[in-house]
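I opened this notebook to record what I looked up, entry by entry, with the cut-offs noted where a term comes in.

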Amino acid sequence: MYKDMPLGFVNALAKNESAMQRFAQMDKSEKQELLDKVHNVTSKAEMQNLINSINS
C-alpha cells in the first residue's frame with residue numbers, strides 16, 4: 001500500500017503532523033479509501049484540502 005502513495009501526498013502529509021498521526025492510526029481500509037481519493041487530486045490546493053480533511 002505505502003509504495004503506491006503519491007509523492008505529493010507524502011510531502012503534504014509530512015507538513016501536517018496531526019494529519020500524519022491520524023493517517024497512521026487509520027485501519028487499512030480507511031487508508032485505502034483515502035488513497036483512492038488522493039489519486040483523483042489534480043492540484044496542490046485540492047491536496048491540501050484533502051490533508052486538512054484528515055483531521056476532521
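Is phenylalanine 23 buried or exposed? I find phenylalanine 23 buried, at a relative accessible area of 5%, where buried stands for under 20%, exposed for over 50% and partly exposed for what lies in between (1.4 Å probe, protein chains only).

Before going on, I note that this is a predicted model, in which local features need pLDDT of at least 70 and side-chain atom pairs count only at pLDDT 80 or more, while totals for chains, interfaces and linings use all residues. Residues are numbered from 1 along each chain as its sequence is written, and side-chain values use heavy atoms, with hydrogens and water left out.

**Entry on the rings.** I looked for aromatic pairs and found 1 in the structure. The ring centres of phenylalanine 9 and phenylalanine 23 are 5.5 Å apart and the planes stand at 70°, so I log the pair as edge-to-face; the rule takes rings of Phe, Tyr and Trp (its six-membered ring) with centres within 6.5 Å, and calls planes under 30 degrees apart stacked, over 60 edge-to-face and the rest tilted. Because phenylalanine 9 belongs to helix 1 (residues 7–14) and phenylalanine 23 to helix 2 (residues 17–25), the pair ties together parts that are 14 residues apart in sequence. Helices here are DSSP runs (H or I, at least four residues), numbered from the N terminus. Phenylalanine 9 is also buried, with a relative accessible area of 0%.

**Entry on helix packing.** Two packed helices are described by the angle between their axes and the distance between the axes. For helix 1 and helix 4 (residues 44–54) I read an angle of about 50° with the axes 10 Å apart, the axes being lines fitted to C-alpha atoms over the stretch in contact and the angles running from 0 to 180 degrees between N-to-C directions. Helix 1 and helix 4 are therefore oblique to each other, since under 35 degrees counts as roughly parallel, over 145 as roughly antiparallel, 65 to 115 as roughly perpendicular and the rest as oblique. Their contact (heavy atoms within 4.5 Å) is made by Gly8, Phe9, Ala12 and Leu13 of helix 1 with Met47, Ile51 and Ile54 of helix 4.

The axes of helix 3 (residues 28–38) and helix 4 come within 11 Å and cross at roughly 160°, which makes helix 3 roughly antiparallel to helix 4. On the helix 3 side I listed Leu34, Lys37 and Val38, and on the helix 4 side Met47, Leu50 and Ile54.

**Entry on single residues.** What does asparagine 16 touch, not counting residues up to four places away in sequence? From the loop between helix 1 and helix 2, asparagine 16 touches Ile51, Asn52 and Asn55, and at 14% relative accessibility asparagine 16 counts as buried.

Proline 6, in the segment before helix 1, is partly exposed at 23% relative accessible area. Leaving aside neighbours within four places in sequence, I found proline 6 in contact with Val38 and His39.

Key: Helix = DSSP H or I, 4+ residues; strand = E, 2+ residues; numbered from the N terminus.
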